[in-house]
Structures are given as C-alpha cells and as structure tokens.
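Have the viewer open and follow along.

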Amino acid sequence: MAKLFKKVLVANRGEIAVRIIRALREMAIDAVAIYSEADKSAAHVSLADEAYLVGPAPALESYLCIGKIIQIAKNAHVEAIHPGYGFLSENEDLAEACQKAGIVFIGPQPHLIRLMGDKVTSRETMMKAKVPVVPGSQEPIHSIEQAKKIAKNLEYPILVKASAGGGGKGMRVVKQERDLQKSIDAAERESQSAFGDKRVYIEKYLENPHHVEIQILGDLKGNVIHLFERECSIQRRHQKVIEESPSPFIDDALRKKMCEVAVRAAKTLKYQNAGTFEFLVDQKKKFYFLEMNTRLQVEHPITEMVTGVDMVKEQIRIAAGFPLSYQQKDIHQFGHAFECRIYAEDPLNQFLPCPGKITSYRIAQGPFVRLDSYMEPGCTIPVYYDPLIGKVCVWGPNRREAVLRLKRVLKEFVIHGIRTTLIFHRQVINIPNFVQGKYDTNFIDREFKITKKIPKQPLQDMVLSVAAIDAYKKRKKAITLVQQEYHVSPWLKQARSESMRKFNRGFL
Ligand code: MV4
C-alpha cells in the first residue's frame, strides 16, 4: 500500500521552489530547501521546514552539484527529491544518483530522460510510436550533394538545424538551392560555437507554425492521462513569454487527435510522472513532434487553472506509488487561462537582464488571479540565475473575459526598483491580433516593433522614443507607459517632463 513521503528535498530555487514547497506543506510533507550564498534570504528558504546551504552563488557550485545535493538529502533523511524545472530537472545523472542513494526522484525513469532528451533518439522513438515528425533527415549532413538531394526531395523552403541544438541556435531557412551551401556553412559555424558540435541536418520548413504542447501524467501502474494543451507560440528569441490554454488556434477535432497521440506515445514509453509533448502545428493544422520535456514546465499553472488539477501534488503522489487521482473522463478544460512570465529584463534596453533590488511592489489580486513568484519586499534578483521573477496567471470563463482580466492585472501590477517585462506584456496584450487570438510563432518578430527597432541608446532617450512612438500610436497609452516607468526610478522625472511637454504641445 503506497504511503506519502514524510520529507522531500526541493532541488531548485526561485518561484518553482516556492510552488513545490507550497504543495508539500498542503500535503503535510516536510519541505527541505537548498540554497546558495546568493539565496540566503530567499523566499523558498524561509518557507521551507529545513534549509541547507548547498554552495557559493554560481549554479555550477550549488544548484547543479549532484554530489552536494545527494549528501544534503541523506543527512536530512529525505525520502524524495523534486527537481523542479531547469537546473538538474532533465539530468539523468541526478535521477540515477537518487536511485543509488535509495531516494525517490520525483520525475520519469532515468533512461527516459536520456532517450527523450536526445533529438535523434527521441525522433526515432516517436516515429516508431507512429507520432508524426517533421519530414526531413535526422542524420547529419556530410556533403553538399547529399544536402541538395534531401532538400530537393523535401521541396524548398527547408530548414537547416543543429543536431546538438535547441532554442533556434544554428537554424537557417533556405528558400532556394543556390543559398544552401552558405546556409549550411553559417549554421555549422553557429552550432560549433554554441554547442561545440557543428553537425546539422535538414527538415521541411513549416511556415509560421504554432507551438502547441500536450501535458500528460503517467503513474507507476501504466495509467496515462492528458491534461489537454497549452499554446506557447508567443516567444521572444525562442523563450516563451505568454502562454494560454486552451489554444485559440486548434479546433476540437485537432485537440482530440493531438491528445490521443500524446497519450499513446506516453503509454508506448511506459512514461511515469509529468511530461509534455511539444508539437509544431502548421497553417494547414497538421502537427509534428518537436520534442518532449521530461519535467514539470514553467507554464504548468494555466493547465492547473483550466483543469483544476494540482500537477505538483499529482507528481508527488505518483512518485510515492499512488495511482493517478483522476481518470481521463474526469479531466475537462473549463474556461480560459493566460500566463505572463515576469522577467527581470529591460524591454527598453534590448531585454538585457536587469537584476537588482526590488524596493517595493504592488501585486495584482482579485478574482481568478494567480501569482507564482518569489518576490518579497526588499528582495534582490540575483545576477547568477535565470531572471524569471514569477508568473502572473489569470482565468476567465472564456478567452475574452480572460484577456480583459489580464489587462486589468497587468495595469495593477507594479514593481519598483528594477525594470521588468511587465511593460512589454502591457503592450503585447493591446496588439489586435493578440486580442483576437490570431498569432503564430513569428508574432513577436512581426508585430512587436517598438523595443526591437530602437538602436542601443541612453535609457532616457530610449524611454522618450518609446513614449513618442507609443504616444503617436496610442496617445493615452504613452502617458501610462512613461508614468509607470516614472515610478521605477527618479531619473525618469526629466524624461517624463520632456515627453509631457512635447505631448501637451501636440508634438507627439
Ligand atoms: C521549426 C520551425 C519551422 N519548421 N522547424 C525553433 C527552435 C525550436 N523551438 C524549434 N523551432 C522551430 N522549428 C521546422 N521544420 C520553426 C521553429 C520556430 C519556433 C518554433 C516554436 C516556437 C517558436 C519558434 C520561433 C521561431 C522558429
């Protein structure tokens, strides 16, 4: 008979560590935190029942140190480790080290982490499971003749992709044969410098695809359910920024098919715990396997909001040997949810990381608003780690209501002391195609011109030019934009009065 754990170590930091600790406490399971020198006063440390210093600030000496983490787990007599996302969450060595130490790894089997973490083996595995993959050849290109032959069979446009790659690095679209050689050379150079591996391969290029992912949960008895889809096409430089569920692009028939394919693939793998199948969906609504994430994802809250399933609790129960708490017939998508990722990055300065001290903030609250973050008054966003501060999520009975709530929440939410992507989100959600749900993976490149077009210049001028462009397009919005920036730091006083003078003279 399965029994819940008494004590679990959270091998992570930031908002996801707080999220997991909250689930543990609601399950009356003691939470053990680890923290680096830079996170001594972090929220996840104070929320945990026990907390242990794991090392100096750099992740390689702290959150990525398997040996240190296992040693702390043994000393604290924990029964399981939750890896969260990022860091070691898809590192099979941690999963194996847990097994060796007699500690449960809250995630899938180590061999599946390895199998699905490799582009070539994951694609081969999916093809065997009859999951559609993008037409192309996985074996690396070894001659221009071979490349020309493959490209010709696929018909242009084709995509040259890095075998070791991800996140768009080493990707080149090729529209005609005469550009093939130079594109392969460029892709190989970029891949060599980014991954130390120059191998590239060729795929059919899907024009303006959507990124739609299916959430699944599998228990130790072979049961698998899906928790429907998430639309993650609003990405900036291959980093998701706004996600929503349900997808405004796929219809019920396609949704049913994609979920069936994902569940069948997970059953073929005998997949245990939480996993996500990522797909590209082209404009003809054909979908193709992109990759599988063998961990909890940043954007899991929107799935929780539309299905009512606490995914972290399910992960913990599954790892403790309990069967899934739900059958597929119990899972329904109800309403509509959005997630906006709040990064300590400066949209007015090329989205450069903007770590530092949060002097004060007002969080947005109210009906059906969720904030997963580690922000506390006076806290400092460290330079050492991913700049994600948190995620603000909203739910509404339909997409229109959810968008209205998101607008209200993003206006209400204010962070002082550092610049964040809040001002970016406030602009994106006013773009008509976003409001109408008509976007794809090229949406930001195509429609979010403001920050991208301004060349690097002193911040005051930049805010002025942003305000000027904004004011020209949406007179009222420019004031709001500058005012919010105004609260962030005093130097904006001069910039604001400049733009106000110009605005009042009708210049803008
Ligand atoms: C593609 C594609 C079109 N055709 N593959 C970008 C990196 C990784 N996320 C996969 N990516 C793409 N692969 C084929 N055959 C377009 C993209 C792509 C993309 C995909 C998902 C989300 C955002 C994207 C942004 C640009 C390009």
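Which polar backbone atom is 2.8 Å from a nitrogen atom of the ligand? That one belongs to Lys 204.

## Ground rules

This is a predicted model, so to speak of local features we need pLDDT of at least 70, side-chain atom pairs count only at pLDDT 80 or more, and totals for chains, interfaces and linings use all residues. Residues are numbered from 1 along each chain as its sequence is written, and side-chain values use heavy atoms, with hydrogens and water left out.

## The ligand site

Back to that ligand. Its polar contacts (pairs of N or O atoms within 3.5 Å; within protein, one atom must be able to donate a hydrogen and the other to accept it, and residues adjacent in sequence count only if both atoms are side-chain atoms) include the one to the Lys 204 backbone at 2.8 Å. A polar backbone atom of Leu 206 sits 2.9 Å from a ligand nitrogen, and Lys 161 brings a polar side-chain atom to 3.0 Å from a ligand nitrogen. On its own the ligand exposes 510 Å², and the protein buries 89% of that (accessible areas are from the Shrake-Rupley method with a 1.4 Å probe; for residues, only the protein chains shown count as cover).

The shell around the ligand has 16 residues, of which Lys 161, Glu 203, Lys 204, Leu 206 and Gln 235 come nearest; a residue is near if one of its heavy atoms lies within 4 Å. By type, the shell splits into 8 nonpolar, 5 polar and 3 charged residues. Here Ala, Val, Leu, Ile, Met, Phe, Trp, Tyr, Cys and Pro are nonpolar, Asp, Glu, Lys and Arg are charged, and the others, Gly among them, are polar. Strand 7 (158–162) and strand 9 (200–204) each supply at least two shell residues. Helices (H or I, at least four residues) and strands (E, at least two) are DSSP runs, numbered from the N terminus. Domain 2 (135–204) and domain 3 (210–445) both contribute to the shell, so the ligand lies between them; the domain bounds come from an automatic or database assignment.

Now look at strand 12 (239–245). It is largely enclosed by the rest of the structure, because 6 of its 7 residues are buried; buried means under 20% relative accessible area, exposed over 50%, and partly exposed in between (1.4 Å probe, protein chains only).

Strand 12 pairs antiparallel with strand 11 (224–236) over 4 bridges, pairing being called when DSSP finds at least two bridges. Arg 236 stands opposite Gln 239, and the hairpin has 2 residues between its strands, with Arg 237 at a positive phi near 50°. Strand 12 is also joined by 4 bridges to strand 15 (336–343), again antiparallel, and there Glu 244 faces Phe 338.

One runs from Tyr 156 to Pro 157, with omega near 5°, and Pro 157 is in the loop between helix 7 (144–154) and strand 7. Another joins Ser 245 and Pro 246 with omega about 0°, and Pro 246 is found in the loop between strand 12 and helix 9 (252–269).

Positive phi turns up in loops too. Ala 28, not a glycine, has phi of about 55° in the loop between helix 1 (14–26) and strand 2 (30–36), and it is exposed at 68% relative accessibility. Lys 270 likewise has a positive phi, near 55°, in the loop between helix 9 and strand 13 (273–281). Lys 270 is exposed as well, at 63%.
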